[in-house]
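Please keep the structure open while reading.

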Amino acid sequence: VDPTTFREMAAASAEAGRIVGMRTVEGVTFGAAGGTRGTLRVEIVSPNYFDVLGIRAAAGHLPRAGASPHEGAIAISERLWRTALGADPNLPGRTLTLNGTPLLVTGVTRNFRGVVADRPADVFVPLESARFVDSAGEPPPLRVLVRLPPDVQVPVAEERLRALYAGAAPSLARGSELKVELLPASGGIADARELLDQPLRIALLFGLALLFVACANTGGLLLARFASRREEFAVRVAIGAGRGRLARQLVVEALLVGSLAALAGLAAASVVAPALLRAIPVGAAAPDFDLRLDWRVLTFTGGAGLLAVLIAAGISLWRTLRVHEASTLEVSGGRSIVRSRRRLTHGLIAAQVALSLLLLSAAGAMTRSLMNLREVDPGFDARRGVLVTVDAAARASDAAALADYFRRLHERIAAAPHVAGASLVQFPLLTSAATTGTVDVAGFSPVHDDDRWVRVFFVGAAFLETAGMRLLAGRDIQPRDRAGSERVAVVNETLARFYFGRPELALGRIINADVRIVGIAADARYNTLRDAPVRAMFVPVEQARPRPSMTFVVRPAREQQAAVRAVAEAVRTHDPAVRFRIATMEQQVAASLTRERFVASLAGVLSALALFLSCTALYGAVVYAVAERRAELAVRSALGASRRDIIRLVLGDPLRTAGAGILLGLPAAYLMLRFLSALLFGVGPLDLPTLLAGAVSLLVVTALSAIRPAQRAAAVDPLECLRR
């Protein structure tokens, strides 16, 4: 809500609970005594912020409701205090310079960096002092938090807050159009939470699958290593070593291996985790999560590493004791143990193959979905367009100045070299940002309130032509559509069909009592390429309230990069201090696919690692099997078996094991694709080409892993082997 409405709501909020307002300001410069400089994030907070949230001070005192603090008093986080300011105990009472203005620091928050989980703050500025760090002409809206009394239920509080808002802003709250929903804030506010929830759950599932592959690989290799030492253990048993001594030896060795593996994993995580955080799909800026190696991470990593090796050591100890009980030196007993060990090793390899198929299927399905999405027609020409987003909130003092600012900037950009045309829009296409409104059509009776809601784009003249959107009938928005002239709109085909039956019947009709439809545009994708077109209308920005941030759509004359440089120079010439961002429309389309690309890349990397681990396991198992069967293979060769027969015999076991793993992994891969169904596009959970490609890849990898040991086995000299 806007600050004025918030103050009126807070003053009348005794029944609904105490209300807190806050907003964030990015990129605030700060300076402190001693030459400390940098940029940080600031939270603008209401006077009762710390009281309602129960925040304590680590030093000094925090601003409180009802107090009369020094004008410009602020609080800082304990993190900033300790890292950038040296934990100076005398800091409260001194000043910190924000955006060139000295402000008084009254206190330090204890273990608190604001309520926005993915955008933590380090400085807290009272709402009354917001002008010192954010000089926007029209104050941006505030986020509202409510602490409910114990005896007030959520539905009751929602209704009371709705009434409070309707009373404080009657012009904005129109009957049933106002909806109030309270969400739990115990985990903080996070704009990225809804976007990140599914990708991170999928990443966790992929990570667990790879962890199981690694554990099975570790167990198989350790079992092979311990099995190769069975003569050593037999001698130890023969000369009197007891169960306890063997157990201690195996456990100590396993703990050493597990500890080294856990330390290596933590070292790798310290490098991989920040890179993964930067790759998380949340838009232009990565979420600023505080990644720390706390006790939970250390416990999980250490536990996973030690569990894998201890299980392998336990199985090896059990088999060693069985050898002792069956008289280790007896050949028949040794053969039975070898056969049993092979079955266990093959089972571990089959499990690795099954999990590798799961990851391969996920990577293949996501890659095919990306390819399908790239073939979708977005409804506009993204091949050469350029987008320039300009934030003028701090550059204009009122609505008239803001409108004049963008009008002059539009003229300068349109006149820049290498620019064939330019228009502007509040929010560009294929972004999550959106403006919605309602439509009243004479003769149309909505069944639900949702039937009145439409997407609204505030655009400049010739927007459809500049963006490359197809006009089906009528005209585009024109320069003459200004404030004071007839209110007009261009609607899309979906809206025209929904309200008027056929698109051509919508042309010239009046909606919302005084808005004339002057054009029908072809449908386009407005949020993502996978979303079906929704009802949308394009209205002249000149006939609406000026927005502090606008995006210019530029069509280059010839060379795109030359136009980008010319537009950037035009913006800097118009206002050297304004903040702006330039991107091509193709980059905008690519950015809308970041979530799918993130999951596909993650699945691809992890499936490659899983394949590598499976290859090592298969190679090690075949090499060890060849070494164990060396005498048998020599006898077969001496009795007339050809080189091809030996290779076929050696390859048979790993291929059968891989086949069993594939059969085991197919149901799991199907369930994984069903879990990913919300991210898939044009790919079903029972996607036979993807599953078949994964299975064939695993069989090929198995054959390649085993072919070299098989060739060496076929080259064995039977006489030399039997002589040994």
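At what angle do helix 18 and helix 19 pack, and how far apart are their axes? The model is predicted, and in it helix 18 (residues 643–675) and helix 19 (residues 688–714) pack at an angle of about 155°. Their axes are 8 Å apart.

## Helix 18 and helix 19

Angles over 145 degrees count as roughly antiparallel, so helix 18 and helix 19 are roughly antiparallel to each other. Helix 18 passes helix 19 in a right-handed crossing. The residues of this contact divide into 21 nonpolar, 3 polar and 1 charged.

## The chain as a whole

The secondary structure of the protein chain comes to 20 helices and 19 strands. The chain has 724 residues, and buried residues make up 46% of them. Among contacts between residues at least 6 apart in sequence, 78% join residues at least 24 apart.

## Helix 17 against helix 18

Helix 18 also packs with helix 17 (residues 630–638). The angle here is about 150°, and the axes are 10 Å apart. Helix 17 passes helix 18 in a right-handed crossing.

Which residues meet in this pair? From helix 17 come Glu-632, Leu-633 and Arg-636, and from helix 18 come Ile-646, Leu-649 and Val-650. By class, the residues of this contact divide into 4 nonpolar, no polar and 2 charged.

## Thr-657 in helix 18

Thr-657 is also placed in helix 18. Is Thr-657 buried or exposed? The cut-off for buried is under 20% relative accessible area; Thr-657 has 8% and is therefore buried. Residues up to four places away in sequence aside, Thr-657 touches His-346, Ile-349 and Ala-350.

## Helix 10 and helix 14

The axes of helix 10 and helix 14 (residues 560–574) come within 9 Å and cross at roughly 140°. The crossing of helix 10 and helix 14 is right-handed.

On the helix 10 side, the contact is made by Tyr-405, Arg-408, Leu-409, Arg-412 and Ile-413. On the helix 14 side, it is made by Val-567, Ala-570, Val-571, Thr-573 and His-574. The residues of the contact divide into 6 nonpolar, 2 polar and 2 charged.

## Ile-413 in helix 10

Ile-413 is found in helix 10. Its relative accessible area is 0%, so Ile-413 is buried. Which residues is Ile-413 in contact with, leaving aside its neighbours within four places in sequence? They are Val-419, Ala-422, Phe-552, Val-554, Val-567, Ala-570 and Val-571.

In helix 1 (residues 3–11), the buried residues are Pro-3, Thr-5, Phe-6 and Met-9. Seen down the axis of helix 1, these residues fall within an arc of 155°, so they line one face of the helix.

Leu-306 lies in helix 8 (residues 295–325). With 26% relative accessibility, Leu-306 counts as partly exposed. Beyond residues up to four places away in sequence, Leu-306 touches Leu-255, Gly-258 and Ser-259. Leu-306 and Leu-255 are 51 residues apart in sequence, yet 6.3 Å apart in space, C-alpha to C-alpha.

## Loop residues with positive phi

Asn-99 is not a glycine, but it has a positive phi of about 50°. Asn-99 lies in the loop between strand 5 (95–98) and strand 6 (101–109). At 34% relative accessibility, Asn-99 counts as partly exposed.

His-418, a residue other than glycine, likewise has a positive phi, near 65°. Where does His-418 lie? Its place is the loop between helix 10 (399–414) and strand 10 (419–425). The relative accessible area of His-418 is 41%, so His-418 is partly exposed.

Definitions and conventions. Residues are numbered from 1 along each chain as its sequence is written. This is a predicted model: local features need pLDDT of at least 70, side-chain atom pairs count only at pLDDT 80 or more; totals for chains, interfaces and linings use all residues. Side-chain values use heavy atoms; hydrogens and water are left out. Axes are lines fitted to C-alpha atoms, for helices over the stretch in contact, and angles run from 0 to 180 degrees between N-to-C directions. Helices (H or I, at least four residues) and strands (E, at least two) are DSSP runs, numbered from the N terminus. Angles under 35 degrees count as roughly parallel, over 145 as roughly antiparallel, 65 to 115 as roughly perpendicular and the rest as oblique. A crossing is left-handed if the near helix is turned anticlockwise from the far one by less than a right angle, and right-handed if clockwise. Ala, Val, Leu, Ile, Met, Phe, Trp, Tyr, Cys and Pro count as nonpolar, Asp, Glu, Lys and Arg as charged, and the others, Gly among them, as polar. Buried means under 20% relative accessible area, exposed over 50%, partly exposed in between (1.4 Å probe, protein chains only). Contact means heavy atoms within 4.5 Å. The arc is that of the directions from the helix axis to the C-beta atoms.
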